[in-house]
Amino acid sequence: MSRVISKGGNVAVAGGPLRITAAPAGIDLTVLCLRADGKVRGDDDFVFYNQPVSPDGAVRLAGAAIEIDLPRVAASTDRLVVAASVDTGSFGGIALNVAIAERDGETYDLPITGLGTETTVVLAEVYRRTGAWKIRNVGQGYASGLAGLATDFGITVDDDAPAPAQVAAPPPGPAPYPPPTTPPAPGVNFAKGAVTLTKGAPPVLLEKAPLVRLRVAWASGTDYEAYALVVLADGNIVHVATFPAAGIPANPRYGDLVRHLGDRGRGDIQRGGGHTEEIIEVRLAPEIVAVIPVAYSAINNGTGSFHKYRVTLSIENGADSVSIAADQAKKSSWIFTCVPGIVYNRPEGVLIERLELYSRRFSEHRPAAVLQPDGRVEVRMDKGPVNQFKADNT
């Protein structure tokens with residue numbers, strides 16, 4: 001029979017392995033490994049779906065549970081803060097059930113009550129006291145979400161993240177379809193050969209090739225995923241990705257027009273060498289207005305900033321190419337999504353514009369894309385469905 005630890009209450013445990021679960025399904029569990037001053041040593045001491053194991057190996061995410069091997073916890077770790085968060089909604093509408101089990105020992109139920117609009121809640125603390133381990137039911141909510149929790153316990157985000165943006169591109173011009181052949185929009189570069197689009201540079205226009213390749217590349221040491229939003233002339237948006245999002249199944253191709261080729265060379269990630277890329281091939285049929293390539297850092301990839309790993313988008317159009325580097329990225333390890341640019345299918349050619357948009361900290365949402373009446377595409381960061389890649393246990 002389980003013992004109940006009421007809010008604010010604590011019990012002593014034997015000091016062996018613990019397993020912590022929370023119901024219902026779909027709740028993300030996290031752990032912060034704190035020193036005696038109540039702060040983490042660094043970002044690595046935050047265990048969550050993008051970083052599933054603590055530096056000492058004692059704390060790990062195991063599916064929908066947290067496993068803590070207390071004898072292995074580093075001597076410098078004084079307290080483990082166990083929290084839960086939700087991507088949508090709040091805990092006020094969830095009947096939350098939390099259980100902590102000792103191996104071959106007691107099981108404890110922790111009632112968590114009194115929550116309202118909070119999207120993150122500290123469930124429990126596992127802490128040292130006079131040489132022994134104890135568990136406390138905390139039940140404290142955070143309306144500021146996972147980012148607020150992390151900041152309070154000393155997680156550093158080196159620079160302020162860029163504000164969520166809604167960007168329309170390219171410059172106003174005639175609707176792509178059904179159009180007559182028209183001159184390019186003002187300010188557009190005609191380009192040949194290899195071009196790099198730097199911050200503030202005007203769009204580039206290339207003569208359309210039968211096949212366009214979108215190549216997302218990064219320095220090895222972590223892993224990124226690439227996917228694309230395909231904007232159709234009827235306003236529909238097709239997601240081409242090797243993993244699902246909420247309500248969007250994994251779909252690595254759109255007919256014979258858009259195809260995700262997957263990883264194309266990984267290098268030696270363990271030693272931080274090599275170079276990795278993912279490629280999306282596009283045949284720009286008239287039904288395609290634009291393609292938006294997206295770079296995403298997900299579950300087993302570990303944290304790491306777009307700045308650190310030099311993420312770059314290259315658009316290869318026959319003998320011509322355009323590169324867009326994420327060189328304006330902040331050094332934050334907690335920004336997971338970047339839209340480097342957008343590729344338009346125009347009557348006069350392939351129009352490429354630099355965007356370099358970033359998600360909010362900790363956001364797992366895909367961008368949304370909206371086709372405007374004048375043929376522009378508005379990219380709205382963090383407004384799309386939640387990526388489900390973190391559910392992958394491979």
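A nonpolar core is a set of buried Ala, Val, Leu, Ile, Met, Phe, Trp, Tyr and Cys residues joined through side-chain atoms within 4.5 Å. The model shown here is predicted, and its largest nonpolar core has 40 residues. Those with the most contacts inside this core are L32, F46, L149, I292 and V377. The element that gives the most to the core is strand 23, residues 288–296, with 5 residues. Apart from this core lies another, of 37 residues, including V216, I280, F306 and A326. In soluble globular proteins, nonpolar side chains tend to be buried together.

Neighbours within four places in sequence left aside, L32 is in contact with V40, D45, F46, R79, L80, V81, L149, A150, F153 and I155. Two of these partners, F46 and L149, are also among the residues with the most contacts inside the core.

The next feature is a sheet. Strands of a sheet pair through backbone hydrogen bonds, either parallel or antiparallel. In this model, 6 strands form an open sheet with mixed pairing, and their order is 1-10-9-3-7-6. At its edges are strand 1 (3–4) and strand 6 (59–62), each of which pairs on one side only. Inside the sheet, strand 9 (residues 97–102) and strand 10 (residues 107–111) run antiparallel and are joined by 5 bridges. Across this pair, A99 stands opposite D109 of strand 10.

The peptide bond that joins A23 and P24 is cis, with omega about 5 degrees. Most residues other than glycine have a negative phi, and most peptide bonds are trans.

Two further residues concern phi. E356, in strand 27 (residues 349–358), is not a glycine, yet its phi is positive, about 45 degrees. Is E356 buried or exposed? E356 counts as buried because its relative accessibility is 10%, and buried means under 20% relative accessible area.

D382 is found in the segment after strand 29 (377–380). D382 is not a glycine either, and its phi is positive at about 70 degrees. With a relative accessible area of 6%, D382 is therefore buried.

Technical notes
Residues are numbered from 1 along each chain as its sequence is written. This is a predicted model: local features need pLDDT of at least 70, side-chain atom pairs count only at pLDDT 80 or more; totals for chains, interfaces and linings use all residues. Side-chain values use heavy atoms; hydrogens and water are left out. Buried means under 20% relative accessible area, exposed over 50%, partly exposed in between (1.4 Å probe, protein chains only). Helices (H or I, at least four residues) and strands (E, at least two) are DSSP runs, numbered from the N terminus. Contact means heavy atoms within 4.5 Å. Two strands pair if DSSP finds at least two bridges between them.
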